[in-house]
Amino acid sequence: QVQLVESGGGLVQAGGSLRLSCAAFGSVSNFGIMGWYRQAPGKQRELVAVIGSGGSTNYADSVKGRSTISRDNAKNTVYLQMNNLKSEDTGVYYCHLVVVSGITRNDYWGQGTQVTVSL
């Protein structure tokens with residue numbers, strides 16, 4: 001079993017920055033794709049950014065150029081640096097991890113951390 005522990009959310013003014021962290025704990029060694037999703041009130045959960053175990057990244061168009069996802073494989077931790085935050089970045093941010101073992105895929109989610117961007 002894997003547990004994801006998120007931190008770094010909070011209230012920030014528009015134009016400000018935040019850094020989210022997510023540490024994965026568990027008795028597995030092959031952590032795969034890690035990423036961040038967000039869910040705004042009344043909307044579906046959407047991808048923000050993902051990073052593969054080798055460092056390849058993918059971003060939502062809405063955050064490209066303003067956000068950087070990175071990971072520390074030694075610490076099983078993924079980070080999301082968000083700059084020039086906008087009100088539309090407000091939402092609950094969820095950490096996501098994919099673990100593949102043979103033909104079995106398991107998806108894990110964090111509990112979510114609130115990000116609120118004020119005007």
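Histidine 96 lies in strand β9, which covers residues 91-101. The model is predicted. The protein has 11 strands and 0 helices.

**Overall build**

- From the N terminus, the order of elements is β-β-β-β-β-β-β-β-β-β-β.
- The radius of gyration is 14 Å, close to the 14 Å given by the globule rule for 119 residues, so the protein is as compact as a globular protein of that length.
- The C-alpha trace spans about 45 × 25 × 20 Å along its principal axes.
- Of the contacts with a separation of 6 or more, 53% link residues 24 or more positions apart.

**Surface and charge**

- Buried residues account for 45% of the 119 residues.
- The accessible surface is about 6300 Å², and carbon and sulfur atoms hold 48% of that surface.
- The protein carries 10 positive and 7 negative charges. Their mean positions lie 2 Å apart.

- Histidine 96 has a relative accessible area of 5%. The cut-off for buried is under 20%, so histidine 96 counts as buried.
- Its side chain makes a polar contact of 2.8 Å with the side chain of aspartate 107.
- Beyond four places in sequence, histidine 96 is in contact with residues from several parts of the chain, listed here in order: Leu4, Ile33, Met34, Gly35, Tyr37, Arg105, Asp107, Tyr108 and Trp109.

**Threonine 113, in β11**

- Threonine 113 belongs to strand β11, residues 113-118.
- Its relative accessibility is 11%, so threonine 113 counts as buried.
- A polar atom of the threonine 113 side chain lies 3.3 Å from the backbone nitrogen of glycine 9.
- Setting aside residues up to four places away in sequence, threonine 113 touches Glu6, Gly9, Leu20, Gly91, Val92 and Tyr93.

**Serine 17, between β2 and β3**

- Serine 17 sits in the loop between β2 (10-13) and β3 (18-26).
- Serine 17 is partly exposed, at 39% relative accessible area.
- The side chains of serine 17 and asparagine 83 form a polar contact of 3.0 Å.
- Not counting residues up to four places away in sequence, serine 17 touches Val12, Gln81, Met82, Asn83, Asn84 and Leu85.

**Two asparagines with positive phi**

- Most residues other than glycine have a negative phi.
- Asparagine 76 has a positive phi, near 50 degrees. This asparagine lies in the loop between β7 (67-72) and β8 (77-82).
- Asparagine 76 is partly exposed, with a relative accessible area of 23%.
- Asparagine 84 also has a positive phi, about 45 degrees, and is not a glycine. Its place is the loop between β8 and β9.
- Asparagine 84 is partly exposed, with a relative accessible area of 44%. Asparagine 84 is among the residues that serine 17 touches.

Technical notes: Residues are numbered from 1 along each chain as its sequence is written. This is a predicted model: local features need pLDDT of at least 70, side-chain atom pairs count only at pLDDT 80 or more; totals for chains, interfaces and linings use all residues. Side-chain values use heavy atoms; hydrogens and water are left out. Helices (H or I, at least four residues) and strands (E, at least two) are DSSP runs, numbered from the N terminus. The radius of gyration is taken over C-alpha atoms; the globule rule is 2.2 Å times the number of residues to the power 0.38. Buried means under 20% relative accessible area, exposed over 50%, partly exposed in between (1.4 Å probe, protein chains only). Contact means heavy atoms within 4.5 Å. Accessible areas come from the Shrake-Rupley method with a 1.4 Å probe; for residues, only the protein chains shown count as cover. Lys and Arg count as positive and Asp and Glu as negative; His and the chain ends are not counted. The place of a charge is taken as NZ of Lys, CZ of Arg, CG of Asp or CD of Glu. A polar contact is a pair of N or O atoms within 3.5 Å; within protein, one must be able to donate a hydrogen and the other to accept it, and residues adjacent in sequence count only if both atoms are side-chain atoms.
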